[in-house]
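Have the structure open while you read.

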Amino acid sequence: QVQLVESGGGLVQAGGSLSLSCVASGDIFSINAMSWYRQAPGTQRELVATITHGASTYYADSVKGRFTITRPLTDTLHLRMNSLKPEDTAVYYCKATTSSDTYWGKGTQVTVSS
């Protein structure tokens, strides 16, 4: 079992920056990839960025060049968000995958005002 807790969300003006964190607990050494997803009201949850166990990264086209995903510690995931746009407004979720399971945090709200 893995538990995930996100933090760092908030309200920011367009063009500003925020950093999100996700702390994992439990069987953290079973985690392979970790990801950030987001969900805006009335839309489906979408993948923002992924980092694999080998530190390979993937970004959605909409955030490429503006967001950076890192995993500095086995139990910690970060998302640095620069040049934020109103369309980045959403609840951001941390996800961890093992060889057999997928775990989600409860999310943190990011609101970007124009």
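Two strands count as paired if DSSP finds at least two bridges between them. Strands themselves are DSSP runs (E, at least two residues), numbered from the N terminus. Keep in mind that this is a predicted model, where local features need pLDDT of at least 70, side-chain atom pairs count only at pLDDT 80 or more, and totals for chains, interfaces and linings use all residues. Residues are numbered from 1 along each chain as its sequence is written, and side-chain values use heavy atoms, leaving out hydrogens and water.

Let's start with β4, which spans residues 34-39. Ser35, for its part, has Lys95 as its bridge partner in β9. β4 and β5 make a hairpin with 6 residues between them, and Gly42 in that turn has a positive phi of about 80°.

Now for β9: 8 of its 8 residues are buried, so the strand is largely enclosed by the rest of the structure. Ala90 stands opposite Val110 in β11, while Thr97 faces Thr102 in β10. β9 and β10 also form a hairpin, this one with 4 residues between the strands.

Here are the pairings side by side:

| Strands | Sense | Bridges |
|---|---|---|
| β4 and β5 (residues 46-51) | antiparallel | 5 bridges |
| β4 and β9 (residues 90-97) | antiparallel | 6 bridges |
| β9 and β11 (residues 108-113) | antiparallel | 3 bridges |
| β9 and β10 (residues 102-104) | antiparallel | 3 bridges |

Key: Buried means under 20% relative accessible area, exposed over 50%, partly exposed in between (1.4 Å probe, protein chains only).
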